[in-house]
Amino acid sequence: MIVGVLNSKGGVGKTTIAVHLAVWLMEQGYATAFVDSDAQKSSTEWIAGLDTAIPVTSVLSSKELIDELRAQDKAADFVVVDGPAGLSEITRTIMLYADVILFPCGPSALDLRAAFAAIKKLGEAQTLRSKNPARVYFVPNKVQKNQRLSRELLNVSEDLGLGLAGWLGLRQAFADAAGQGTVVWKMGRRAEKATFEITKLFKEVFYGTK
Ligand SMILES: Nc1ncnc2c1ncn2[C@@H]1O[C@H](COP(=O)(O)OP(=O)(O)O)[C@@H](O)[C@H]1O
Ligand SMILES: [Mg+2]
């Protein structure tokens, strides 16, 4: 099964969610592979420092991505793909090939506006794959419950026609995880809330339980 994490906007949490997801799936006992399709290779570096058995490939073109997805999808139970910023051919390829798509979005007017272009493209891709559409989840990220834009973000998935499986708060633990080369559930008590939020999201997407 191919799981793509994408949004045309940078800084919305694609890499954070993709890396956590791959580690979580592996810890659940699934053979998990990772494809980094962002030229910045942040997730490749993050996973390299994690001391896990997750194989990572970085790809720089949609042709490479397609070849890699075909090969890895046969070898692994799950292939997690971290998407690049921008609406490139690579992003479109993920939209066409992924079985599950997580679409993180931050609570800023700019993030929301940028997301609309990607969501439109996603709608077009879903139309093309009418018989076999992806399961798409909108993931509000960096949410602060007392902030107006965050509350709007939590409601917008319905207007967009996208599923909502959970959301992540703005938490220092998520920001620290990459720098410390770890995942939030290995960071102890100070990352309890972050751990609860992200595992709740994954359980809902993959097991349908809250
Ligand atoms: N929920 C969150 N709370 C706090 N910081 C976050 C959260 N999600 C992501 N970040 C931070 O925001 C920045 C962008 O996240 P990243 O996952 O790299 O986004 P993208 O891959 O979409 O560019 C990083 O510094 C990351 O640590
Ligand atoms: Mg990234």
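Ser58 is partly exposed, at 26% relative accessibility; the label covers values between buried (under 20% relative accessible area) and exposed (over 50%), with a 1.4 Å probe and protein chains only. Ser58 belongs to strand β3, where helices (H or I, at least four residues) and strands (E, at least two) are DSSP runs numbered from the N terminus. Its C-alpha lies 7.6 Å from that of Asp38, at a sequence separation of 20 residues.

The model is predicted, and local features need pLDDT of at least 70, side-chain atom pairs count only at pLDDT 80 or more, and totals for chains, interfaces and linings use all residues. Residues are numbered from 1 along each chain as its sequence is written, chains are lettered from A and ligands numbered from 1 in the order in which they are written, and side-chain values use heavy atoms, with hydrogens and water left out.

**Loop residues**

The loop between β2 and α2 contains Ser37, and Lys41 lies in the loop between β2 (32-36) and α2 (42-48). Ser37 is buried, with 2% relative accessibility. A polar atom of the Ser37 side chain is 2.7 Å from the backbone oxygen of Asp82. This is a polar contact, that is, a pair of N or O atoms within 3.5 Å; within protein, one must be able to donate a hydrogen and the other to accept it, and residues adjacent in sequence count only if both atoms are side-chain atoms.

Lys41 is not a glycine, yet its phi is positive, about 55°. Lys41 is partly exposed, with a relative accessible area of 33%. Asp51 also has a positive phi, near 60°, and is a residue other than glycine. The loop that holds Asp51 runs between α2 and β3 (56-58). Asp51 is exposed, at 74% relative accessible area.

Trp167 is placed in the loop between β7 (163-164) and α7, and with a relative accessible area of 25% it is partly exposed. Trp167 and Ile198 are 31 residues apart along the chain, with 7.6 Å between their C-alpha atoms.

**Ligand 1**

Ligand 1 sits in the largest pocket. On a 1 Å grid over the protein atoms alone, a pocket is an open set of points where a 1.4 Å probe fits, with protein on both sides within 12 Å along at least five of seven lines. A molecule sits in a pocket if more than half of its atoms lie within 2 Å of its grid points.

The shell around ligand 1 has 14 residues, and the closest are Gly11, Lys14, Thr16, Asn141 and Gly169; a residue counts if one of its heavy atoms lies within 4 Å. By class, the shell has four nonpolar, seven polar and three charged residues. Nonpolar means Ala, Val, Leu, Ile, Met, Phe, Trp, Tyr, Cys and Pro, charged means Asp, Glu, Lys and Arg, and the others, Gly among them, are polar. Helices α1 (14-27) and α7 (172-179) each supply at least two shell residues, and α1 gives the most, with three.

| Protein atom | Ligand 1 atom | Distance |
|---|---|---|
| Val12, backbone N or O | oxygen | 3.1 Å |
| Lys14, polar side-chain atom | oxygen | 2.8 Å |
| Arg171, backbone N or O | nitrogen | 3.0 Å |

Ligand 1 taken alone exposes 560 Å², of which the protein buries 78%; accessible areas come from the Shrake-Rupley method with a 1.4 Å probe, and for residues only the protein chains shown count as cover.

Terms used: On a 1 Å grid over the protein atoms alone, a cavity is a set of points where a 1.4 Å probe fits but cannot get out, and a pocket is an open set with protein on both sides within 12 Å along at least five of seven lines; lining residues have an atom within 4 Å of a point.
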